[in-house]
Amino acid sequence: MLGGLARRATFLSQLRRERGNIILVDTGDLLFSRTSAQILNARQIGAIKADLFIKAYNYMEYDAFTPGELDLSFGVDNLLQLSKQANFPFLAANLVNIKSKEPVFKPYIIKEIQGIKVGIIGLISDRFPLGSAEEKEKYRLTNPFKAAKKAVRKLKKQCRVIIALAHMEGEEQEMLARKVRGIHLIINGHLTHHQRDPIAAKHRTQILVAGARGEFIGQMDFFGEKKKLYSRYQLIPLKESYTDHPKIQELTGQYKTNLENTLRSSLQAVPAEGSATARQEIATPPLPLLVGEKVCFSCHQQEHEQWLTTAHARAYQTLVEKNKTSDPYCLACHTTGFGSIRDPSSSLENVQCEACHGAGEGHPEPWKSLKDVSETQCRVCHNIANSPNFNYFIDVQKVRHAKLPNGRESIRKE
Ligand code: HEC
Ligand code: HEC
Ligand code: HEC
Ligand code: HEC
């Protein structure tokens with residue numbers, strides 16, 4: 001994704017040279033990652049990523065951005081704060097301040113390109129929940145279709161082309177096309193898996209999909225004379241075909257260093273339970289401490305020996321090979337209890353004992369029995385996206401300790 005960013009910058013500077021004037025937009029889920037909200041120093045990690053993207057988008061001269069639900073992970077106030085660092089407007093016609101009834105961000109903007117005025121509206125699905133109770137009292141996502149109608153009514157008078165940046169699910173985009181006449185293009189945010197078809201012409205409104213994780217650029221060209229305007233859409237894969245832009249590479253380099261420093265402190269030496277920082281960042285009740293597989297080994301050598309033969313014991317190495325050890329999204333499943341509180345002396349690389357059995361603090365005191373492992377526990381990581389062929393009844397046989405590799409039986413050491 002980050003490599004994609006530097007290639008995107010190269011592509012865009014070429015395109016600008018060729019075409020002169022372009023309009024650049026992004027439809028959201030940009031600033032924060034999927035796991036960001038649940039992990040311990042989430043805010044810190046989130047801020048580092050948001051900073052990178054805002055700097056990079058400022059540099060690439062983006063024209064508009066519509067936030068998605070992930071961008072709202074840390075609340076509307078946080079996003080407002082971030083928008084002040086951006087040289088491009090955040091657009092959301094249906095995110096309103098309840099008291100003033102006014103949109104929090106601009107509902108739309110008008111851009112002019114070779115004499116043609118283009119109206120761009122930002123919309124967010126009202127199915128997404130807004131953060132804390134406090135935020136819910138202050139802000140609301142209102143009906144996006146009504147907000148779109150209102151914006152289109154105003155834009156129609158001046159604009160030749162009307163575009164909606166729609167961070168919503170596929171069926172809602174189709175509903176938007178059906179319900180709100182006058183929108184020429186809907187640019188899809190929030191990619192859902194069943195949307196494979198890049199262009200679906202519906203009700204004279206085109207719905208464009210630009211692909212996930214910044215690996216593609218969707219490029220729409222307009223051409224024609226005064227009376228008739230034609231458009232042509234193409235998806236351009238950024239994989240390997242463009243070199244990395246040095247300026248963006250410099251930014252991603254800084255980002256990686258910042259992130260690694262933060263993550264190192266989170267993986268190895270997270271504040272012990274009860275310390276000021278831990279109390280501040282973790283919701284009550286306090287989670288039990290993770291102790292790490294080395295502690296389990298001291299009493300359960302045979303289970304440990306068997307565990308070492310499984311892919312779980314190499315899960316972190318997989319990320320090392322893919323150069324992904326600083327991606328919080330990957331770490332959530334390829335390490336143990338990512339973001340939880342742990343004993344500072346332990347390391348939680350790999351899918352360890354406690355990923356399946358739960359935190360070991362207090363065990364084996366009689367009051368702290370470690371739980372049986374259920375299918376639900378596996379499904380936390382073996383979800384449809386990352387483990388489509390997972391079959392509990394077959395796969396649990398591969399991780400059970402009873403059958404040791406050399407055929408011995410599992411004997412518990414007292
Ligand atoms: C000090 C020795 C010791 C350590 C360290 C230890 N265990 Fe145990 N464990 C035991 C004993 C003893 C039992 C048996 C308890 C019983 O049968 O009532 C046990 C039982 C278990 C069980 C069976 C369920 C239960 O709770 O009775 C699991 C699962 C387990 N341990 C996992 C772990 C894991 C995971 C770790 C590391 C986080 C760990 N153990 C660390 C001694 C230990
Ligand atoms: C914390 C996340 C996590 C949990 C919980 C988890 N797994 Fe995994 N599992 C992984 C990861 C990650 C891999 C891939 C490791 C690698 O090769 O990098 C994996 C790999 C496997 C594999 C090997 C797949 C193969 O064909 O090579 C099996 C089998 C498996 N898990 C079964 C289970 C079962 C059964 C459970 C529940 C009892 C479970 N896992 C719980 C993350 C998890
Ligand atoms: C939701 C949990 C989850 C996340 C997030 C996740 N993985 Fe995995 N990953 C798994 C599981 C589970 C497996 C085992 C899949 C199987 O064989 O069924 C796996 C397997 C893999 C494998 C194949 C390992 C092998 O050698 O067979 C690679 C490579 C991998 N993951 C890399 C990544 C990278 C890179 C990321 C981040 C971009 C990532 N994963 C994010 C759960 C996850
Ligand atoms: C992928 C999930 C998973 C991981 C990781 C895992 N276990 Fe287990 N463990 C199980 C399952 C499932 C059982 C249930 C026993 C069975 O059905 O064979 C179990 C049972 C146990 C038991 C009860 C006695 C026995 O052998 O059946 C102990 C003790 C135990 N595990 C210790 C450990 C230790 C120590 C580690 C880390 C080295 C570990 N487990 C890692 C899934 C896991």
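This is a predicted model: local features need pLDDT of at least 70, side-chain atom pairs count only at pLDDT 80 or more; totals for chains, interfaces and linings use all residues.

**Salt bridges and iron sites**

Analyst: Start with Asp 221 and Arg 19, whose side chains form a salt bridge with N and O 2.3 Å apart.

User: Is Asp 221 buried or exposed?

Analyst: Asp 221 counts as buried, at 13% relative accessibility, because the cut-off for buried is under 20%. Arg 19 counts as partly exposed, at 33%.

User: How many salt bridges does a search of the whole structure find?

Analyst: The search finds twelve. One of them joins Lys 55 and Asp 51, with the closest N and O atoms 2.9 Å apart.

User: Where do Lys 55 and Asp 51 lie?

Analyst: Both are in helix H2 (residues 42–60), four residues apart, which is about one turn of the helix. Lys 55 is partly exposed, with a relative accessible area of 39%, and Asp 51 is partly exposed as well, at 28%. Elsewhere, salt bridges with shared partners connect Arg 127, Glu 169, Glu 171 and Glu 172 into one network.

User: OK, switching to the ligands. Which residues come nearest to ligand 1?

Analyst: There are 16 residues around ligand 1, and the nearest are Cys 296, Cys 299, His 300, His 363 and Leu 370. H13 has the largest share, with three residues.

User: And how do the residues of that shell divide into nonpolar, polar and charged?

Analyst: Seven are nonpolar, six are polar and three are charged.

User: What coordinates the iron atom of ligand 1?

Analyst: His 300 and His 363 do, each through NE2, at 2.0 Å. The site is octahedral, with angles of 88 to 179 degrees among six donor atoms. His 300 lies in the loop between H9 and H10, and His 363 in the loop between H13 and H14, so the two tie together parts that are 63 residues apart in sequence.

User: Which atom of ligand 1 is 2.8 Å from the side chain of His 300?

Analyst: A nitrogen atom of ligand 1 is 2.8 Å from an N or O atom in that side chain. For His 363, a polar side-chain atom also lies 2.8 Å from a nitrogen atom of the ligand.

User: How accessible is His 300?

Analyst: His 300 counts as partly exposed, at 25% relative accessibility. His 363 is partly exposed too, at 32%.

User: Now ligand 2. What coordinates its iron atom?

Analyst: His 312 and His 382, through their NE2 atoms, at 2.0 Å. This site is octahedral as well, and the angles among its six donor atoms run from 84 to 179 degrees.

User: Where do His 312 and His 382 lie?

Analyst: His 312 is in the loop between helix H10 (301–308) and helix H11 (315–321). His 382 is in the loop between helix H14 (375–379) and helix H15 (392–399), so the pair ties together parts that are 70 residues apart in sequence. His 382 is partly exposed, with a relative accessible area of 24%.

Methods: Residues are numbered from 1 along each chain as its sequence is written. Chains are lettered from A and ligands numbered from 1 in the order in which they are written. Side-chain values use heavy atoms; hydrogens and water are left out. A residue is near a molecule or strand if one of its heavy atoms lies within 4 Å of it. A polar contact is a pair of N or O atoms within 3.5 Å; within protein, one must be able to donate a hydrogen and the other to accept it, and residues adjacent in sequence count only if both atoms are side-chain atoms. Ala, Val, Leu, Ile, Met, Phe, Trp, Tyr, Cys and Pro count as nonpolar, Asp, Glu, Lys and Arg as charged, and the others, Gly among them, as polar. Donors are N, O and S atoms within 2.8 Å of the metal (3.2 Å for Na, K and Ca); water is not among the atoms, so sites may look incomplete. Four donors count as tetrahedral if all angles lie between 85 and 135 degrees; four count as square planar and six as octahedral if opposite donors are over 155 degrees apart and all others between 65 and 115; anything else is irregular. Buried means under 20% relative accessible area, exposed over 50%, partly exposed in between (1.4 Å probe, protein chains only). A salt bridge is a side-chain nitrogen of Lys or Arg within 4 Å of a carboxyl oxygen of Asp or Glu.
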